[in-house]
Amino acid sequence: MMRERRTRWLVLSLVGLALMSCLCSVKAENTLQPPVKLIWHYYKLNTTCPDAETYIKHQVKLFWQKDKSITAKFLRLLSADCLSKNGCDGSILLDGRNSEKNAPQNQGLEGFEEIDKIKIVLEDRCPGVVSCTDILNLATRDAAHLAGAPSYPVYTGRRDCLRTSIDAVDFPSPSISWQEGLAYFESKSLDVLDMATLLGAHSMGKTHCSYIKDRLYNFNGTKKADPTMNKSLLKQLQKKCPKKSKTDPTVNLTPKSGNDYQFTGQYYSRILSKKAVLGIDQQLRFGDDTMQIAQEFAPKSGFEDFRRSFALSMSRMGNIKVLTGKDGEIRRNCRRRN
């Protein structure tokens, strides 16, 4: 087991070092944050459910074949869980009037039913072994891989939390500055490269008009549109998001023809051409480090660097404040405590 763990640590370190050679002036970490309590292939090596990851991967493939948007749904759901004050503990999955899923920032979250279905399969094959939070982390990795992302390492052994609260949700507005965004990510033990990389998940998926109307009609209280937005994009979005609309429709985060759920580096190209939809995404153009990262990841030659960085940053996000050992529990139903 120690040899396998050292091998995976070496892989993560080499990924980080390769990235640092490309972004030599960007100060960023190249491995997981200590303490690392999780184990590579935890279920295979330490439990009565050695095929847990295989079961999850099979179910995710079935979902993805029917609905390609499952990748974007899982990515957002995992981010909502790991970036809450509680960290990656499955609290986003719990039901309840005061649950995290009912916070305004989590409006429109999806993917809960698919996680439930995976849990039912696992409880049938090996009851009481695989946590809901590990299911969410593994399912997100597998869905992202099907969309074109790397099959990054997911350390496992997480346990599920016992409570959830709206107060734990401190996700900021998508219209904040890059400095405010960086302060938020740093409060989660992540760095500037993690921020610029994880936001790259916006290469797929949609957002509600309510999250961008300030950019379209009242940027920073000026009663005018965001002057940094490409004029052609501005007109397109104003047409899809009328100022006085009584509904809250959605728009693609990275509009393009064909499938809107492929993992690409187009997100960074749009930042450089002032065509990012969310304010925080466009803000990456204005920080020295974030601009350098966008310039590195935008061209086709930088796509593999983006993939490597995504692998490392997703692993780091999945390591935030995890519960292990005797903390928490292994839920039988992801929506409620045992």
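Visitor: Leaving aside its neighbours within four places in sequence, which residues is Ile 70 in contact with?
Guide: A word on the source comes before the answer: this is a predicted model, in which local features need pLDDT of at least 70 and side-chain atom pairs count only at pLDDT 80 or more, while totals for chains, interfaces and linings use all residues. Residues are numbered from 1 along each chain as its sequence is written, and side-chain values use heavy atoms, with hydrogens and water left out. Contact means heavy atoms within 4.5 Å, and once neighbours within four places in sequence are set aside, the partners of Ile 70 are Phe 63, Trp 64 and Glu 114.

Visitor: Is Ile 70 buried or exposed?
Guide: Ile 70 is found in helix H4, where helices (H or I, at least four residues) and strands (E, at least two) are DSSP runs numbered from the N terminus. A residue is called buried under 20% relative accessible area, exposed over 50% and partly exposed in between, using a 1.4 Å probe and protein chains only. Because the relative accessible area of Ile 70 is 1%, Ile 70 is buried.

Visitor: At roughly what angle do the axes of H4 and H5 cross?
Guide: Axes are lines fitted to C-alpha atoms, for helices over the stretch in contact, and angles run from 0 to 180 degrees between N-to-C directions. The axes of helix H4 (residues 70-82) and helix H5 (residues 112-125) come within 10 Å, and they cross at roughly 90°.

Visitor: Which residues of H4 and H5 make the contact?
Guide: By class, this contact of H4 with H5 has five nonpolar, no polar and one charged residues; Ala, Val, Leu, Ile, Met, Phe, Trp, Tyr, Cys and Pro count as nonpolar, Asp, Glu, Lys and Arg as charged, and the others, Gly among them, as polar. On the H5 side stand Phe 112, Glu 114 and Ile 115, and on the H4 side Ile 70, Phe 74 and Leu 77.

Visitor: Which residues touch the most other members of the largest nonpolar core?
Guide: A nonpolar core is a set of buried Ala, Val, Leu, Ile, Met, Phe, Trp, Tyr and Cys residues joined through side-chain atoms within 4.5 Å. The largest one holds 91 residues, and those touching the most other members are Ile 115 and Phe 310. H4 gives the most to this core, with eight residues.

Visitor: How far apart are the axes of H3 and H5?
Guide: Helix H3 (residues 52-66) packs with H5 at an angle of about 145°. Among the residues making the contact are Tyr 55 and Phe 63 of H3 and Ile 118 and Leu 122 of H5. The distance between the two axes is 10 Å.

Visitor: How many nonpolar, polar and charged residues are in the contact of H3 with H6?
Guide: The axes of H3 and helix H6 (residues 132-146) come within 9 Å and cross at roughly 50°. Residues making the contact include Ile 56 and Trp 64 of H3 and Ile 135 and Leu 146 of H6. Divided by class, they are eight nonpolar, no polar and five charged.

Visitor: What is the phi of Asn 220?
Guide: Asn 220 lies in the loop between helix H9 (213-217) and helix H10 (231-240), and is exposed, with a relative accessible area of 64%. Most residues other than glycine have a negative phi. Although Asn 220 is not a glycine, its phi is positive, at about 50°.
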